[in-house]
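I opened this notebook page to record a few local look-ups. The sequence and structure come first.

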Amino acid sequence: MSISLHGIGIGGGIAIGRAHLVSQADIEIDHYMLHDADVPAEQVRYDAAIRHARQELEQLWGSIPENAPTELGAFLSLHIMLLNDHTLSRDPRDLIAEQKCNAEWALQQQLDSLLAQFDEIEEEYLRERRADVIQVADRIFKALAGHDALAPLPVPNAGDGILVAHDLSPADMVLFKDSQYVAFITDVGGPTSHTAILARSLDLPSVLALRHARAMIRDGETIIVDGVNGMVIVDPDEGILAEYRARQDQWQVKKDALQGILKKKAVTRDGTEIELFANIELPDDSEQALGNGAAGIGLFRSEFLFLKEDDLPTEEEQFEAYKQVAEAMGKKPIIIRTIDLGKDKIPKWQEEVETPNPALGLTGIRLCLAEPQLFRTQLRALLRASAFGKIKLLIPMLSHVGEIRQIRRHLDEVAAQLAEEGIAFDTQIELGGMIEVPAAAVTVASFLAQLDFVSIGTNDLIQYTLAVDRNDDAVNHLYDPLHPAVISLLGHVIDTANRMEKPVSMCGEMAGDPALTRLLLGLGLRRFSMLPAQLLKVKQQVLSTDLDKIRDLIDAMRNSADADELRNLLAQLNA
């Protein structure tokens, strides 16, 4: 008898195959006391485990396949960075000496302390970095136990294997990329976890957050992975198999058709031109953006440059990174977001300050204005790079118009310094702001009066509007992009920007969801920015949309106060 499991669909598509369970048995953590004379040797054992884990990650980083998504290298680099951080490389070592305990127990105590800090974080993307800390610690535990963390994944015989795991780390994904698996499912993970981001980049059917899949599925059992609807069907009968094979064929036809539109302009059926941009995190990601037909970079998250190293990046290091993207993109526009640190994006060089609610504290532009030297160094690097391409600046977490006046003062003073030094830069560089705080969305006209453009960050805007953390199992069912309040705010921001003839774009998850493309087009959005792998799916929706024909449905959606009714109207919109 078949059973259905429900989770979060990622990557899209449908896969039918045999389950291959990955054994991820927990390592039992012993606790025992040491004699004074044994403490140095235990510290040496911990140091050796750190070195071994680092060598494994570096070996994996060096063996990333050429056709792997750029995110894979970035996430492995993050794991290496976490491993080198004092919280994992040195603090457990100190606990061994202080408590005269074994290395495993010291690491477990430190891990518990770190995870407790992550549990207090509200912003979803940052909270899900909790999983990265667990994965790196697990690698150290295995090294202490003498286990081989680089053991290859079991290879399916017929090329129809579906990997079933509790979780997959970026390191596991390197091994997965070289295997013959057609899909994967996991018990844990969220929509912005590294597993989810990599699944989208690989464009493989996958379902996350199934909770008990490994316990309910037997090795070798036939399963269907429906990445479209977030469903896994275990032991399907012949009728269900026939239905999903037909769906699979239909999906493949649609996927093949995407390559045929790569070089087409993004224009609706009634002739409205749409701009589709890519979100990137590191300079090398620009290659994938261009390969998927991006009209430019709609969001370069510059903070990842600040999280990579032990020390604060210099002006020269930042300049070279921004210049690399500018030269790679040629005449295409590049929107670079200024440092968006805070919450749990705490670099090694920054002193961590305890705060009761990091998501509502010193983050984004608030941190930059509180640390003007940090901000001005970045502005110098950005302005210098603007001489090599069409760079625009984007300010995160705006909530007060007064912040823009302070930003412009810093920008004007930095520009005057560069002019005096005879350094070339774009004297007409554009300044934009992120609309991700409800206060900024409601009063967007006053922001637009002082900015050249705005970009809507839907992830935070939805969470702040609904007071919901979608990574919290107790309330994540309330996180709803189709909530009437969200639609009302989006419509207000887009309408106001269009009326004032100022560019407005969207760079949050909603922009890359093809199921929402027609809704956003109907609301008046003409600039979208998303992961490179999502560009062609959204473009396909653009090409098949006639704005005149959806006008009545859009009006009905804007006037609806019922989320269920909005979902029904969205289904009609996409029919």
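Entry 1, the model. I note at the outset that I am working with a predicted model.

I looked up residues 333-337, which form strand β11, and found 5 of its 5 residues buried. I then asked which residues lie on each face of β11. Pro333, Ile335 and Arg337 are on one side, while Ile334 and Ile336 are on the other, and both faces are covered. I recall that side chains in a regular strand alternate between the two faces of the sheet.

Entry 3, the partners of β11. I checked which strands pair with β11. Strand β10 (residues 297-301) runs parallel to β11 and is joined to it by 3 bridges. In this pairing, Ile297 stands opposite Ile334. Strand β12 (residues 390-395) is also parallel to β11, with 5 bridges between them.

I located Gln110 in helix α5, which spans residues 103-118. Is Gln110 buried or exposed? Gln110 counts as buried because its relative accessibility is 11%, and the cut-off for buried is under 20%. Beyond its neighbours within four places in sequence, I found Gln110 in contact with Thr87, Asp91, Pro92 and Leu95.

I located Thr517 in helix α22, residues 517-522. Its relative accessibility is 1%, so Thr517 counts as buried. Setting aside neighbours within four places in sequence, I listed Phe528, Val538, Gln541 and Val542 as the contacts of Thr517.

Terms used:
Residues are numbered from 1 along each chain as its sequence is written. This is a predicted model: local features need pLDDT of at least 70, side-chain atom pairs count only at pLDDT 80 or more; totals for chains, interfaces and linings use all residues. Side-chain values use heavy atoms; hydrogens and water are left out. Helices (H or I, at least four residues) and strands (E, at least two) are DSSP runs, numbered from the N terminus. Buried means under 20% relative accessible area, exposed over 50%, partly exposed in between (1.4 Å probe, protein chains only). Contact means heavy atoms within 4.5 Å. Two strands pair if DSSP finds at least two bridges between them.
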